[in-house]
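Here are my notes for you, written as numbered points. Keep the structure open while you read, and go through them in order.

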Amino acid sequence: MRRIVAAFLLTAWTGMAQEVAAHAPQSDLQSPPQNARTNQKSTITVPAGTKVVLALTSPIWARTAKVGDSVHAATAFPVAVGNDMAIPPGTYVEGRIDSLARPGWLSNHAEFQLHFTKLVFANGYTVELPDVIENADGTGSQAVTSNANAFQPSVDMGARASATADIEAAVARVYVEVTSRNDILLDNGAPIEMVLQSSLSLEADSVAAAVSRSKPLQIGPSKSSTRCVPTPGTPGTSDTVIPGSPGTPDTVIPGGPGMPDIVVPGIPATPPTVIPGSPGFAGTVCPGPPIVTWAPSGKDLHTKTIVLTNPMQIGGVPLAAGTYQIRWSGFGPTAQVEIVQNKKQIAQTPARIVILGKASLANEVAPSTNADGSVSLGLLQFAGETFALFFD
C-alpha cells in the first residue's frame, strides 16, 4: 500500500514540474550561463587623431635609404585613454618610408613621409595597422585586412559616397636639419610623432599584461650611430734656415815704384740655405648631427584649385558651381581651410588632413549627403598628392 501511495505522489510531482516548465518565461529558459557572459574581451579604443611620441631605434643611412625601407622605433611616452593605459612606453613600432627628399647643396633639410604597420607590445601582443578605406562623407571606414587586432570601423558603413580614400592608418611627417655631408639622415633616438588617422581597438587584458613587462626608454641623449670620427690635424714644421757667409774683401798689396799693386781676391759671400718645413695636415671635422625640426619656412603653406560641377554647401555656407581656391597651412591632422573665389573668402571651416596610401591620379571633389537631404562638401583629393581633406 505504501509503495502505491509513493508512486502516485511521484507521478503527481513530475506532472506539476513539467507544467511549470511549460509555462515558464522563454527568456529564463534560454538565459546563457554566467561564464558565457564574461567570455567577451573588453577593449580599449584609442581615438583617431591621437599623437604617439616615438624614438627611432635604428638609424636611417644617407647613402642607402630609399622608399619602401623599414623603419623601427619604440614609444617614448605612454598613451592613456581615460584612466586606462593604452600604449605603454617601450612598445615597438614598425613602419616604412613612403617618400624621401634628401638634402642638397642648396638645402640643408631632409624630408620623410612614413607610415606604420605594426605595434609589438612587451608581452608579444601584436597589433597590425592596415590601411583604411574611408567614405567621402566620413560616415564609415573599413580596414583593408581582416586581422582582428587592427583598426576598426568607427561607425556603421551606411550609404557610400561617390568616392573613397585609401588612408594610411598611422603616419608621420618628419623634417630633419641635416647637410649632404652627413652619413645618416635620422639618427638613433631621433624623436618622431606618429599620428593615428583612425581609431585603434586594443584588447584590454593583453595591454594590461604588457604594462607589467614594459620598460620605459632611458631618458637622455642616445649614442650617435654616425661612422664619422674626427681626427686632429698636425701643425707642420717651419722652414730651416742655414745662414750664409758674409765673404771677405779683396786684399791690395801696394806695388813698388813703377810696379802695379798686387790684388789678392777676397772670398765672395754665400746666401743663406733654406730647408722647407712640412706643411702639416688639416684634421677631419664631422658635420653636426641631424636634428628633427619644423618644416622649412613656407613649406607648410598650401594653395589648390578645385572645380565644383554642382552646387553644395560647407559649414552651412552655400557654394555655387564654379572654380575655387583652397588654402590652408600645415600637414594636420587638422587645419583651418579657407575657400576663396575671385579673391574673396567664401567660407572658412576646419578639415581633417589625412595621409593616403598612394598619390591621387586627379583632382576629385566628393559630396556628402546630410540627414536632411542637403549636399555638403565631403572630400577633396589633389592630383599627385598623397594627402586629402575631409570635411566632417
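This is a predicted model: local features need pLDDT of at least 70, side-chain atom pairs count only at pLDDT 80 or more; totals for chains, interfaces and linings use all residues.

1. Start with two strands that sit side by side: S25 (residues 322-329) and S26 (residues 334-341) pair in the antiparallel sense over three bridges. Strands here are DSSP runs of E with at least two residues, helices are runs of H or I with at least four residues, and both are numbered from the N terminus. Two strands pair if DSSP finds at least two bridges between them.

2. Residues are numbered from 1 along each chain as its sequence is written, and side-chain values use heavy atoms, with hydrogens and water left out.

3. S26 and S27 run antiparallel and are joined by eight bridges. Val 340 turns up again here, standing opposite Gln 345 in S27. These strands form a hairpin with two residues between them, and Asn 342 in the turn has a positive phi of about 55°.

4. Stay with S27 (residues 344-355), because Thr 349 lies in it and is buried, with a relative accessible area of 11%. Buried means under 20% relative accessible area, exposed over 50%, and partly exposed in between (1.4 Å probe, protein chains only). Which residues touch Thr 349, leaving aside neighbours within four places in sequence? Thr 349 is in contact with Ile 314, Ala 335, Gln 336, Val 337 and Phe 391, contact being heavy atoms within 4.5 Å.

5. Zooming out, the chain has four helices and 30 strands. Of its 392 residues, 32% count as buried. Among contacts in the chain with a separation of 6 or more, 63% are between residues 24 or more positions apart.

6. Helix H4 (residues 204-211) is worth a look. Its buried residues are Ala 204, Ser 206, Val 207 and Ala 210. They cover an arc of only 165° around the axis, which puts them on the same side of H4; the arc is that of the directions from the helix axis to the C-beta atoms. What covers these buried residues includes strand S1 (43-46), strand S6 (84-87) and strand S16 (200-203).

7. How many salt bridges does the structure hold? There are three, where a salt bridge is a side-chain nitrogen of Lys or Arg within 4 Å of a carboxyl oxygen of Asp or Glu. One joins the side chains of Glu 193 and Lys 51 (4.0 Å, N to O). That pair links distant parts of the chain, with Glu 193 in strand S15 (residues 191-196) and Lys 51 in strand S2 (residues 51-56), 142 residues apart. Glu 193 is partly exposed at 41% relative accessible area, and Lys 51 is partly exposed at 43%.

8. Another salt bridge brings Glu 385 and Lys 304 together through their side chains (2.7 Å, N to O). Glu 385 lies in the loop between strand S29 (375-381) and strand S30 (387-390), and Lys 304 lies in strand S22 (residues 301-308), so the pair ties together parts that are 81 residues apart in sequence.
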